[in-house]
Amino acid sequence: MDRILMFDHNIKDIGLYTRPSTQGDELDLVEDFIEYYIRNFLKSNKTNNLAIFVEPKVASGFPDIVFASYSPKILENWSEQRENLETNDLKVLSQLLMTKGSTGSELITRLKMPEKDTIQAIEKLLDAHMIIRDHGLWKPVDIKKIYNIKKLISVEAKMTDIKKVAEQSLINTWFASQSYALTSTSNPQSSTIKKFERQGTGLYCKKRSFRKIVEAKKLASPSSYQSLQFNEWIGRTVAHLS
């Protein structure tokens with residue numbers, strides 16, 4: 001199990017906060033699914049490692065589970081300065097990854113951040129060797145040196161409230177490369193299946209064992225600063241353990 005990292009409590013050193021889980025059927029469903037996912041991962045994936053976040057605090061709430069499959073080479077381009085990166089810094093980095101390069105004034109306009117905060121973020125990203133200056137633009141270095149997550153999969157669990165869990169799974173697409181709902185309903189209606197297919201999110205159901213009813217659409221990753229934040233939480237933890 002040394003290929004598995006579990007994040008199920010607050011770790012202030014890395015800036016991670018989680019919500020305490022409530023005992024009950026839903027928590028049992030979540031815990032059973034985590035065990036199922038780990039078993040499948042270890043069987044089918046011999047290359048990458050797996051980080052599991054249980055109810056991590058993100059800007060849109062507390063997703064029940066986030067699975068991050070990441071490269072064991074995550075520390076190859078790591079630097080101590082990355083420990084100091086905060087949300088604003090990752091917002092600037094995310095913007096630069098999306099635009100492939102921007103001037104300082106473009107960053108200020110697009111992100112609506114104060115000039116002082118934007119300049120400070122640029123300085124911190126430079127110190128961490130994550131951006132360069134090229135022909136008057138701030139540009140990110142090669143994405144492989146920044147982002148080592150291969151898959152970032154969110155899972156929202158509900159015993160029966162399919163409508164609510166469908167909405168939550170759609171919200172999570174802002175940071176996840178695939179977003180799923182998990183329910184104990186064994187045979188969902190065809191209209192439910194069509195809804196998930198339409199919105200591009202996936203669905204797992206459980207009768208005796210778990211079944212993937214709908215495959216989630218694969219989205220680009222990192223898709224936002226929150227995707228980058230998961231990478232930094234993992235990197236900081238691996239660095240502290242090494």
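Colleague: What distance separates the centres of domain 1 and domain 2?
Modeller: Keep in mind that this is a predicted model. Taken over C-alpha atoms, the two centres are 30 Å apart. The domain assignment puts 4-73 + 149-214 in domain 1 and 80-146 in domain 2.

Colleague: Why are H2 and H3 called roughly perpendicular?
Modeller: Helix H2 (residues 87-99) and helix H3 (residues 104-111) pack at an angle of about 110°. Angles of 65 to 115 degrees count as roughly perpendicular, so H2 and H3 get that label. Their axes are 11 Å apart.

Colleague: Which residues make that contact?
Modeller: On the H2 side you'll find Lys91, Val92, Gln95, Leu96 and Thr99, and H3 brings Leu107, Arg110 and Leu111. Sorted by class, that's four nonpolar, two polar and two charged residues.

Colleague: What makes Glu55 stand out in its backbone?
Modeller: Its phi is positive, about 50°, and Glu55 is not a glycine. Most residues other than glycine have a negative phi. You'll find Glu55 in the loop between strand E2 (49-54) and strand E3 (65-70).

Colleague: And His135, what is its phi?
Modeller: Also positive, at about 50°, and again not a glycine. His135 is in the loop between strand E4 (131-134) and strand E5 (137-140).

Colleague: How do you know whether Glu55 is buried or exposed?
Modeller: Look at the relative accessible area, which is 9% for Glu55. Buried means under 20%, so Glu55 is buried.

Colleague: Is His135 buried or exposed, then?
Modeller: The relative accessible area of His135 is 79%. The cut-off for exposed is over 50%, so His135 is exposed.

Colleague: What makes Asn231 count as buried?
Modeller: Asn231, in helix H8, has a relative accessible area of 0%. That is under the 20% cut-off, so Asn231 is buried. Among the residues Asn231 touches are Ile74, Arg82 and Tyr147.

Colleague: Why does the pair Asn231 and Glu232 count as a polar contact?
Modeller: The distance between the two side chains is 3.2 Å. The cut-off is within 3.5 Å, and residues adjacent in sequence count only if both atoms are side-chain atoms. Here the contact runs from side chain to side chain, so the pair qualifies.

Colleague: Which residues does the cis peptide bond join?
Modeller: Ser221 and Pro222, with omega at about 5°. Pro222 lies in the loop between strand E9 (210-214) and helix H8 (225-241). Most peptide bonds are trans.

Terms used: Residues numbered from 1 in each chain as written. Predicted model: local features only at pLDDT ≥ 70, side-chain atom pairs only at ≥ 80, totals over all residues. Heavy atoms only, no water. Axes fitted to C-alpha atoms, helices over the stretch in contact; angles between N-to-C directions. Helix = DSSP H or I, 4+ residues; strand = E, 2+ residues; numbered from the N terminus. Parallel < 35°, antiparallel > 145°, perpendicular 65-115°, else oblique. Contact = heavy atoms within 4.5 Å. Nonpolar A, V, L, I, M, F, W, Y, C, P; charged D, E, K, R; others polar. Buried < 20%, exposed > 50% of the residue type's maximum accessible area, 1.4 Å probe, protein only. Domains from an automatic or database assignment. Polar contact = N/O pair within 3.5 Å; in protein donor to acceptor, adjacent residues only side chain to side chain. Lists of a residue's contacts leave out its neighbours within four places in sequence.
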